[in-house]
Amino acid sequence: MKWSELGAERCSVARSVAVIGDRWTLMVLRDLFLGIRRFEDFERRLGISRGLIADRLKRLVEEGVVRREPYQDRPLRHEYRLTEKGLALHPVMMAIVHWGDSWCAGEAGPPLLHRHRACGHDFAPVSVCSECGEPLAARDVEVRPGPGL
């Protein structure tokens with residue numbers, strides 16, 4: 001299967017990977033969730049070419065994950081903000097962070113902690129059943145055909 005064909009697959013993982021599956025796209029999303037908004041700040045933090053950053057931001061805008069908003073008139077400059085569709089990626093990003101903290105952080109521990117504003121506690125993200133609230137692990141889930149298959 002070609003990279004350009006992933007978005008046409010009936011598999012939700014394939015369609016998602018077509019939008020966010022590139023390593024630089026994930027790094028741009030990380031920075032957006034950390035409050036980075038301006039092109040020059042992405043460039044400084046990521047250390048990659050302007051063309052790569054522009055390409056990834058353009059794709060995220062086209063997919064409706066990010067929106068461009070002007071912040072200066074002369075010269076015209078834009079910043080990038082997550083849309084509702086983009087904010088819906090937060091659990092995905094938190095799962096990646098948690099996996100990295102658990103398996104890749106080393107002896108020093110995680111580089112960043114996440115605090116729940118409502119209760120003030122640092123937390124580790126968990127998946128729970130939307131119906132009963134019980135925690136979910138891979139062995140607790142079975143897959144069956146859905147209406148889009």
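## The hairpin

β1 and β2 form a hairpin, with 4 residues between them. In this predicted model, strand β1 covers residues 66-72 and strand β2 covers residues 77-82, and they pair in the antiparallel sense over 6 bridges. Pairing here takes at least two DSSP bridges between two strands.

## Overall layout and confidence

The protein has 6 helices and 2 strands, running α-α-α-α-β-β-α-α from the N terminus on. Helices are DSSP runs of H or I with at least four residues, strands are E runs of at least two, and both are numbered from the N terminus. Along the principal axes, the C-alpha atoms fill a box of roughly 55 × 40 × 30 Å.

The average pLDDT (the predictor's confidence in each residue, from 0 to 100) is 94, and 99% of the residues score at least 70. Helix α5 (residues 84-87) has the highest confidence, at 98, while helix α1 (residues 12-20) has the lowest, at a mean of 91.

As for ground rules, residues are numbered from 1 along each chain as its sequence is written, and side-chain values use heavy atoms, leaving out hydrogens and water. Since this is a predicted model, local features need pLDDT of at least 70 and side-chain atom pairs count only at pLDDT 80 or more, whereas totals for chains, interfaces and linings use all residues.

## α3 against α4

Helix α3 (residues 39-46) packs on helix α4 (residues 50-62) at an angle of about 120°, with the axes 10 Å apart. That makes α3 oblique to α4; the scheme calls angles under 35 degrees roughly parallel, over 145 roughly antiparallel, 65 to 115 roughly perpendicular, and the rest oblique. Axes are lines fitted to C-alpha atoms, for helices over the stretch in contact, and angles run from 0 to 180 degrees between N-to-C directions.

On the α3 side, Phe39, Phe42, Glu43 and Leu46 meet Arg50, Ile53, Ala54 and Leu57 of α4, contact meaning heavy atoms within 4.5 Å. The contact residues divide into 6 nonpolar, no polar and 2 charged.

## α2 against α6

Helix α2 (residues 23-33) and helix α6 (residues 90-103) have axes that come within 11 Å and cross at roughly 105°. So α2 is roughly perpendicular to α6. Leu26, Leu29, Arg30 and Phe33 of α2 make the contact with His90, Met93 and Ile96 of α6, a set of 5 nonpolar, 1 polar and 1 charged.

Note on methods. Nonpolar A, V, L, I, M, F, W, Y, C, P; charged D, E, K, R; others polar.
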